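Subject: Structure handover

Hello,

Here is the structure we talked about. Please open it and follow along with the notes below.

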Amino acid sequence: MSNEFPQVVTIAGHDSDGSAGMPADLLTFFANQVYGAGIMTACVSGNSYGIHAAVNMTPAFISQQFKDLAADFNIRAAKTGMLADQKVILAVADNLEKYDFGSLVIDPVIITKHGDLLLESDAYQTLVERLIPLATVLTPNYFEAEKLSGLDGNEPSFQAHAAQKLQALGAKNVMIKGRHDHDSQTKVTDYILLADGRHFTLSGPYFATDRKNGTGDTLSAAITAELGKGATVEQAIRSAKIYVDRCIENELAVAHKFGPINHWAGSNL
């Protein structure tokens, strides 16, 4: 029996409301026609009003999940999401170096799109030193790019300069997502710096909606899906941008406050 159907994996936490983390990644994989596996790093209890509890998986359990998938599946691309502490980051980095899961997309979940810090200093340093150098594609939001680069996000050509700094940390290709925290803006512009030095921007409309939970997870998952199907990095990023914009534009009436995006709307099925 063939084991050649495109297979990818998300290494992330499970959000109980389904809007972000592993649930959003798996929905994205399905919509983009790849088989998605999951290595769970945490379980998060929350809803559209907020997160109320979380439990991290042990390094031993994380390692066992890597071992089991590597023994049976033909993983062609992987992505990381929220890795809550230093022990989790070390376990993930060690296993990514041990097993060949193809291209790696790192969504460096460090700072929220509103500017709130999510990682303690030791975990942050471990992510920078051990995980980012493994990245085929690094997809920080605007605030994360500020933190990682040490640059002021208000300076001219910030995204271009920051992308160069992040490549110097070891990431091969960098996509710095544009700011989307002001309802007065009309568009969002992402900056992409490729491993060969080529660079370009992708702009899309800004959607003034509270239904945008999981957009960062979905973008990195969509890139992962395309890489798993054999696309180039540039093709994968361009396709993922279109997919996410469709998911945000077509709102889904689920929950009450900060709701999920609509993965059906972006589907090519």
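F5 counts as exposed because its relative accessibility is 52% (exposed means over 50%, buried under 20%, partly exposed in between, with a 1.4 Å probe and protein chains only). F5 sits in the segment before β1 (7-15). Strands here are DSSP runs of E with at least two residues, and helices are runs of H or I with at least four, numbered from the N terminus. Leaving out residues up to four places away in sequence, F5 touches Q33, V34, Y35 and R76 (contact means heavy atoms within 4.5 Å).

The model is predicted: local features need pLDDT of at least 70, side-chain atom pairs count only at pLDDT 80 or more, and totals for chains, interfaces and linings use all residues. Residues are numbered from 1 along each chain as its sequence is written, and side-chain values use heavy atoms, without hydrogens and water.

Now the rings. The whole structure holds 5 aromatic pairs (Phe, Tyr or Trp rings, the six-membered one for Trp, with centres within 6.5 Å; planes under 30 degrees apart are stacked, over 60 edge-to-face, the rest tilted). One of them is F66 with Y99, stacked at 6.5 Å and 10 degrees. This pair links distant parts of the chain: F66 is in helix α2 (residues 59-70), and Y99 is in the loop between α3 (86-98) and β5 (103-106). Y99 also stacks with F101, at 6.3 Å and 20 degrees. Y99 and F101 are buried, and F66 is buried. F66, Y99 and F101 form one aromatic cluster.

Best wishes
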